[in-house]
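Here's a quick briefing to keep beside the viewer while you look around. Have the sequence and the 3D view open as you read.

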Amino acid sequence: MTTGKCPFASRRSVIAAVSGLLVGSAVRPPQAESAPAPVVEPFYGRNQGGILTQQQRHSYFATFDLIAEKREDVVRIMRDWTAAAARLTQGQTGRPISENLAVPGADSGDTLGMRPSRLTITFGFGAGLFIKDGKDRYGLAAHRPEALVDLPAFNGDQLVEGHTGGDISIHACADDPQVAFHAVRQLGRISYDVAQLRWTQTGFLADFPSGETPRNLMGFKDGTRNPTEAPVPSRKSVEDVVWVGAEGPAWMRSGSYAVVRRIRIALEHWDRTEVDFQQQVVGRHKYSGAPLGGKGEFDTPSFDQVDSDGNPVIPETAHIRLGAAELNDGAEILRRSYSYNDGSNFTAERWPPWRQGIEYDAGLFFVAYQRDPRSGFIRIFQTMSKLDAMNQYTTHVGSGLFACPSGITESGYCGQSLFEA
Amino acid sequence: MPQFQARAKIPRLALGGLVLLLGHAATAAEPQGLLETLHRHSIVTSTVPSNGDQNPYALVLAPVSAGKIRKGDVLIDNFNDKNNLQGLGTTIVTYAPATKQTALFAAIPRHLPECPGGIGLTTAMAMLKTGWVIVGSLPSQDGTTSTKGSGCLVILDSQGSVAGVIAGPNINGPWGNMAVIDKGSTATLFVSNTGFGVGSSDGTPLVVNQATVLRLELSIEDGKPPVVTKQTVIASGFGEQADKDVFIIGPTGLALGRGGVLYVSDALGNRVAAIPDAITREDSAGTGKDITKDGLLRRPLAMVMAPNGHLVVTNGLNGQVVEIDPETSKQIYARWVDLNKAQSPPGSGDLFGIAMTESGDGFYYVEDEVNMLVMAH
């Protein structure tokens, strides 16, 4: 057996080699307004990446169940994951590649030669880290934040165990699907003795022209009313919506709570629906994105507007009405969702005419960040799950709530102030 | 749903025919019936209780205040469980118009020893002046008729607790909305049974002509649950059929008219039939006499008698209710009360239970597809 020298010391060296080509290439960075988006997203900072980061085009989400018996093993893996994540986001391999070919490679190597593709890796802690089956496995139960509740059972939930829960979440987002998957794969392989994979979900975001709101698989613009840095009057700034403040424990300040929902959409049913009715369901014009009764996508919806019969122009059961901050005591969340497409399988639709057969297992991997899910997603979705006309097309089959700690310093690791509290 | 109707391209009123159209035009100032006097359809409440039960079926207005219930409250039961499996719903919720509150009234145990097959609550429900609530069960173990039991009628007290069960050879799948004569210490219930001889919904299930209408006479002593004193099958031979989508199709709507006539909506026959002498007869009238057939009817389901003496019946295969004058056997017109275009035709499969409002100038109905109670007014 020979021992050869690895041709690539890191992915970064390759990036340096090709970066000059990028400047003049026809490749369009996703959603960049004018200047190209940076190829590398910062890993260290006040907040974790992947939350307010300009949304990348691909997503790989995974949750893990901890099987470690000791707290120090959990700390060890958080240190190792943090170190590997920092390398990966900078375009390096998860661990340095050895020149010894007689051992398994420290990295799968499937992204060698690729750009970092703005990879971000966001860690989250599920309730199971703090207490599981009534057991305080790691002496952390007292530190479980009040906001890290067990999500209530919502009307229509058809949650599948294999797409729900998890002690720790890792969400990799990148402009390349292989880079995103590679990241989670490298982290998973260094934690076999501590954490076992529970469920995963891929996602994608269409490459829409810069400045335009992407459309989801229903063909509607999705995210128009997301909070922004410079909010309109009566709306909160995105910072207010997303980041935990002094109300939370120290390790969560400048962190955020992620709600994820795997939402299967009956696309076959939707495709048979008149566009006009689709618009009634959503509350927007399909092609322009304008709210019903409005002209432009970013017009403020007029929820009080009625037609000549006295019926609301934006229906009582329209999706945008039920999700509107104005009608939910100001509740807001930052949606950062991806479409998903997992092939097809047998399903029985839940609504008339109750079609049964092989249908697309596709829909929306809903991801929402907020400073408190009780006044965010739960507040909004309690009503929406009962009244939204869109519920005739959507089924929530997966779910999770994760506390994403504050950002990471170069000398620290994710969740350090929790584990050392 | 109101918001859909406002933008609908379908006329809300569909007239029964040319003759009626001319008649209507000639007397435009005079309402021909109830439906043309209704203008709005308002969402009242979600009918889903905390256990997640789905698919609201029966609607009953409380005739008295008793226990948890106030006079005029709307009682709504659920046929499906939280997984949307049919024949496994066990709950009754109440909506109080006075306070606009929705509450759980009863959560019946999934299995009652006296009720063959367990609990899956149907459109058969009544509340008596003595405060007792009687509700039908046509249960399944897996959401299909392959595992159905013959079910029963469950007697609940006004707190929602089980006080007794009515079962026996005359009861198999008590299904349609009940007609009731309530004299306090005695009462007479009419209930359709659609379970006799019904098997699996696999393949193409045959129509079985074994559905019945049963008259139950009850005695109610002070403070004691009703006791059945007499049972008489007054109609029989209606078509019934297992169905993988809607579980079972059979006679569903019952309403008492003048002269002791019981009107029956015959879903598979697509007609409304009259059973003469329904209160007194001692034998079966078979499938009764046609009052009206086809026309605007599209699988007629639950039915109610309006104060004007007209029958109002929900269609199973579109979102319309049809108003019928039983004296003249005429279909007056139909109205779209559910224009939900998630179905084709709009509202298909959505309607089921119906009940007049307390004031009698409108009606409540359920929209099964979205688990809502709606009011036409």
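What follows covers chain B, then one of its residues, then confidence in chain A. Keep in mind that this is a predicted model.

**Chain B overall**
- If you want dimensions, the C-alpha trace of chain B spans about 60 × 45 × 45 Å along its principal axes.
- Of contacts in chain B between residues at least 6 apart in sequence, 57% link residues at least 24 apart.

**Surface and charge of chain B**
- Buried residues account for 62% of the 377 in chain B.
- Chain B carries 27 positive and 33 negative charges, and their mean positions lie 4 Å apart.

**A look at Asn371(B)**
- You'll find Asn371(B) in the loop between strand 25 (363-367) and strand 26 (372-376) of chain B.
- Its relative accessibility is 7%, so Asn371(B) counts as buried, the cut-off being under 20%.
- Leaving out residues up to four places away in sequence, Asn371(B) touches several residues, including Thr45(B), Val48(B), Gln54(B) and Pro56(B).

**Confidence in chain A**
- Chain A has a mean pLDDT of 90, with 91% of its residues at 70 or more.
- Residues 1-34 of chain A stay under 50 in pLDDT, though the model gives them 52 contacts beyond four places in sequence.

Note on methods. Residues numbered from 1 in each chain as written. Chains lettered and ligands numbered in written order. Predicted model: local features only at pLDDT ≥ 70, side-chain atom pairs only at ≥ 80, totals over all residues. Heavy atoms only, no water. Buried < 20%, exposed > 50% of the residue type's maximum accessible area, 1.4 Å probe, protein only. Contact = heavy atoms within 4.5 Å. Lys, Arg positive; Asp, Glu negative; His and termini not counted. Charge placed at Lys NZ, Arg CZ, Asp CG, Glu CD. pLDDT = per-residue confidence, 0-100. Helix = DSSP H or I, 4+ residues; strand = E, 2+ residues; numbered from the N terminus.
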